[in-house]
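I opened this entry to keep track of what I looked up, in the order I looked.

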Amino acid sequence: MPEHDVLIIGAGLAGQRAALAAAREGASVAIMSKVHPVRSHSVAAAGGINAAIAVTDDWRSHAYDTVKGSDFLGDQDAIEVMCREAPDEVMHLEHIGVTFHRNEKGEMDLRAFGGASAKRTAYVADITGQAMLHVLYEQLMKHHETVDRYEEWFTTSLLLDEHGACGGVIARDVRSGEMSSFRAKNVILACGGAGQAYKPTTNGLIVTGDGIAMAYRAGAPLMDMEMVQYHPTCLVETGILITEGARGEGAHLLNSQGERFMSKAAPNKMELASRDVVSRAEQTEIDEGRGVGPGGTGIYLDVTVVPRKRTLEALREIVNLGRDFAGVDITREPITIRPGQHYIMGGVKTDVDGRTSIEGLYAAGEVACVSVHGGNRLGANSLLDTLIFGRRAGEHAAARAAGTSFPDVDWKAQLRRDMEMIDGIIARPRDGRRVSEIKSDLGELMNRHAAVFRDEAGLQTARERIDELREEADRAWIDDQGTVFNQDVLGALELGYMIDCAEATVVGAIERKESRGAQFRTDYPERNDAEWLKHIDITRNGDGPKVSYSPVTITQWEPEERKY
Ligand SMILES: Cc1cc2nc3c(=O)[nH]c(=O)nc-3n(C[C@H](O)[C@H](O)[C@H](O)COP(=O)(O)OP(=O)(O)OC[C@H]3O[C@@H](n4cnc5c(N)ncnc54)[C@H](O)[C@@H]3O)c2cc1C
């Protein structure tokens with residue numbers, strides 16, 4: 001059986017950064033991913049990464065903007081770590097080969113992004129994630145003697161010893177269907193978010209909350225799960241993202257009367273207010289009958305105000321997206337967009353070194369909740385989060401491995417259970433519904449009741465329906481009975497993970513009886529610091545979720561009214 005000091009599940013930016021950091025500390029490392037690493041969802045990141053690099057900028061300003069963006073729910077110790085370490089991390093990326101855009105003076109160029117008080121977003125046109133992910137993968141190649149790669153292996157569960165410490169995982173080789181166990185002194189979850197629990201979403205098909213659900217099932221608390229980000233500019237039909245970089249370059253948002261309605265909601269920052277504020281303003285325009293497009297369900301994003309040469313240079317990917325997916329030349333006419341599910345601020349609760357409550361289990365990136373994003377993430381802070389906390393988790397896990405032995409895990413029993421579970425799915429009679437139908441219902445349910453605006457009745461409906469969908473999912477049948485690239489069976493497992501994530505989101509949203517960040521309760525429209533300036537933690541209790549609270553860490557910025 002393979003054995004490693006540090007085993008990382010997930011090969012997006014968080015996972016690859018963790019692997020490189022742990023390898024540099026001298027640990028024996030392995031990285032596992034259900035898809036080829038450069039197909040990880042980080043590849044889709046478009047607009048850029050934040051760091052206070054400009055000589056006129058300061059990490060404290062970045063930290064304050066992040067705290068304010070989080071609607072004061074972010075933990076300020078973690079935010080300080082992230083923003084203080086950001087400039088060195090971005091310069092490190094540039095030194096290892098990321099071709100960040102440069103200005104006419106030859107300096108690294110920085111673009112404006114939402115909620116930021118200065119231009120501090122470094123970028124590679126609108127393919128920043130792709131550029132970063134490929135460079136990190138090159139670096140992994142350089143470490144091929146110390147970092148083993150399990151590419152196209154799907155993790156099915158975590159291995160725990162009798163004291164509850166994590167000692168490895170069970171996984172299935174996607175190519176052959178072979179099941180295997182992997183021992184590790186430390187496991188780092190870097191499995192990304194859970195956007196596919198919503199429909200539509202900007203997230204790819206592989207973003208199904210696997211890591212969040214595996215940690216939850218193993219007993220780790222989830223935090224801030226009610227905080228789900230709706231991005232203001234997604235294509236109406238498909239949910240495909242039009243990067244915030246467009247508004248950073250100066251694009252306007254217009255309603256059916258041609259008004260730049262952001263002047264009402266955010267007179268100072270206009271289109272570059274934080275995402276929760278912009279999405280709410282758009283949804284209000286739509287709900288009050290000032291939307292555009294079929295059924296008035298959209299808003300115009302007008303990129304024609306950006307000089308065409310600049311659009312073709314700095315936003316070239318969305319020029320292609322507009323043409324291919326909406327039939328619109330964005331350099332010549334407005335494109336119709338609306339708010340769409342994009343990111344989850346919540347995840348597996350960790351400290352600033354990525355440690356979870358389970359000994360030997362770490363989490364970093366979108367799967368985790370440190371919490372640097374609190375109630376609302378600022379654009380271009382997620383790539384930063386993946387790198388800073390991926391690196392810190394890798395370093396910490398490597399150091400821990402040096403002083404610890406392999407936990408004694410009963411891998412045979414868990415391997416047998418997971419094999420029986422998969423055999424059971426394949427053998428299901430065809431009398432229930434298909435996985436894809438249940439998944440579609442779940443996504444639409446979440447988009448209806450746990451979106452930009454929420455209320456008790458809608459959330460309770462969602463809660464009840466999720467229970468029904470869980471029962472149906474346990475009986476859902478699949479077509480493919482084979483072993484080679486059986487994505488059908490993996491889809492059934494992913495559906496279970498998504499249902500766990502959706503349940504935690506809805507339970508958290510019901511619990512939080514106030515409006516803060518991305519959670520806007522029409523029945524509790526005010527922020528209520530006296531009662532709700534606290535995190536909601538959700539753990540598994542028997543079969544159902546159990547709610548508890550933890551304090552928000554405040555270091556230097558007292559909560560204040562949030563205006564843009
Ligand atoms: C369209 C789009 C544009 C974005 N643009 C930006 C931007 O400009 N700036 C910014 O800061 N943020 C941006 N974001 C957000 C950001 O890209 C993500 O939050 C971030 O890349 C997540 O990285 P990650 O490493 O945590 O996870 P991911 O990159 O999603 O990687 C997850 C990894 O886990 C693996 N995995 C998952 N489950 C399993 C399993 N069961 N077994 C084995 N492996 C598994 C996957 O194969 C993958 O390798 C954007 C997001 C989207 C959707």
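I sorted the shell around the ligand by class and got 17 nonpolar, 17 polar and 4 charged residues. I kept in mind that this is a predicted model.

Next I asked which of the 38 residues around the ligand come nearest. They are Ser40, Ser42, Gly47, Glu366 and Ser382.

I then went through some polar atoms facing the ligand. For Ser40, I found a polar side-chain atom 2.6 Å from a ligand oxygen atom. For Gly47, the atom is a backbone N or O, and it lies 2.7 Å from an oxygen atom of the ligand. Ala190 also uses a backbone N or O atom, at 3.4 Å from an oxygen atom of the ligand.

How much of the ligand does the protein bury? The ligand taken alone exposes 1000 Å², and I noted that 97% of that is buried by the protein. I also listed the elements that give two or more residues to the shell: α1 (13–24), β2 (29–33), β7 (153–160), β14 (335–344) and α11 (382–402).

Helix pair. I looked up how α5 (residues 210–217) sits against α15 (residues 487–511). Two packed helices are described by the angle between their axes and by the distance between those axes. Here the angle is about 75° and the axes are 8 Å apart. An angle of 65 to 115 degrees counts as roughly perpendicular, so I wrote down α5 and α15 as roughly perpendicular to each other.

Which residues meet in this pair? From α5 I have Asp210, Ile212, Ala213, Met214, Tyr216 and Arg217. From α15 I have Glu494, Gly496, Tyr497, Asp500, Cys501 and Glu503.

Lys34. I placed Lys34 in the loop between β2 and β3 (49–50). Its side chain makes a polar contact of 3.0 Å with the side chain of Thr208. Leaving out residues up to four places away in sequence, Lys34 touches Glu152, Trp153, Phe154, Val174, Ile206, Thr208, Asp210 and Glu494. I had already met Asp210 in α5 and Glu494 in α15, in the helix contact above.

Backbone. I checked where cis peptide bonds turn up. The bond from Lys199 to Pro200 is cis, with omega near 0°, and Pro200 lies in the loop between β9 (179–189) and α5. The bond from Val370 to Ser371 is cis too, with omega near 5°. I found Ser371 in the loop between β17 (368–369) and α11.

Asp71 lies in the loop between α2 (59–69) and α3 (76–96).

Notes: Residues numbered from 1 in each chain as written. Predicted model: local features only at pLDDT ≥ 70, side-chain atom pairs only at ≥ 80, totals over all residues. Heavy atoms only, no water. Near = heavy atom within 4 Å. Polar contact = N/O pair within 3.5 Å; in protein donor to acceptor, adjacent residues only side chain to side chain. Areas by Shrake-Rupley, 256 points an atom, 1.4 Å probe, with all protein chains shown as cover. Helix = DSSP H or I, 4+ residues; strand = E, 2+ residues; numbered from the N terminus. Nonpolar A, V, L, I, M, F, W, Y, C, P; charged D, E, K, R; others polar. Axes fitted to C-alpha atoms, helices over the stretch in contact; angles between N-to-C directions. Parallel < 35°, antiparallel > 145°, perpendicular 65-115°, else oblique. Contact = heavy atoms within 4.5 Å.
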